[in-house]
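Here is a short briefing to read alongside the sequence and the 3D view.

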Amino acid sequence: MSFDLDKLFATGSQLAGSAKKTASDLAYKGKIRMDLMNAQARLNKAQRQLGSLVYSLVKNGEENRALVQKYVDAIDRIQLEIAQLKEQMAAAQTQQNAAPATTSYVYEYTEEEQEETEHRHCHQCGNEVQEDALFCDRCGAQL
């Protein structure tokens with residue numbers, strides 16, 4: 001029984017290349033996922049701060065449109081960042097699905113991660129808000 005060393009070497013090289021690509025893809029998706037989770041945490045914090053600000057302004061009979069607008073602009077930027085990260089994740093998933101069949105890895109979201117991405121809507125204006133939001137980031141209504 002003879003071994004074809006060139007064939008064995010080619011197969012081993014192909015498997016190593018496939019493993020390297022899979023590891024690289026997983027690392028890339030993991031980075032996007034971490035960036036997305038960090039952005040969602042920043043969004044939640046900014047929304048809570050805006051809600052607290054609006055509450056304290058109303059409670060004290062004050063108005064500070066410039067400061068409120070600063071928070072609204074920051075929230076808009078974070079929401080744009082989140083949308084871009086979700087697009088990157090979808091593109092990476094599409095790329096993986098289009099790749100030749102290899103050992104695939106399907107990420108299973110934990111309950112905590114699923115809860116972070118679930119949304120509800122403001123009863124006042126219909127804006128989509130985070131599940132744990134206390135105030136609507138568009139109209140300031142208490143949720």
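**A domain from the record**

For residues 121–143, an unreviewed UniProt entry lists "domain: Zinc-ribbon". UniProt positions are given here in the numbering of this structure, feature names are shortened, and annotations may be inferred rather than shown by experiment. This is a predicted model, in which local features need pLDDT of at least 70 and side-chain atom pairs count only at pLDDT 80 or more, while totals for chains, interfaces and linings use all residues. Residues are numbered from 1 along each chain as its sequence is written, and side-chain values use heavy atoms, with hydrogens and water left out.

**The listed span**
- Residues 121–143 are 17% strand and 0% helix, and their end C-alpha atoms lie 9 Å apart.

**The overall build**
- The protein has three helices and two strands (DSSP runs numbered from the N terminus: helices are H or I with at least four residues, strands E with at least two).
- Reading from the N terminus, the order is α-α-α-β-β.
- Of the protein's 143 residues, 21% are buried (under 20% relative accessible area, with a 1.4 Å probe and protein chains only).
- Among contacts (heavy atoms within 4.5 Å) with a separation of 6 or more, 49% join residues 24 or more positions apart.

**A closer look at Q47**
- Q47 sits in helix α1, which covers residues 5–59.
- Why does Q47 count as buried? Q47 is buried because its relative accessible area is 7%.
- Beyond neighbours within four places in sequence, Q47 is in contact with I75, Q79, Q130 and D137.

Definitions and conventions
Buried means under 20% relative accessible area, exposed over 50%, partly exposed in between (1.4 Å probe, protein chains only).
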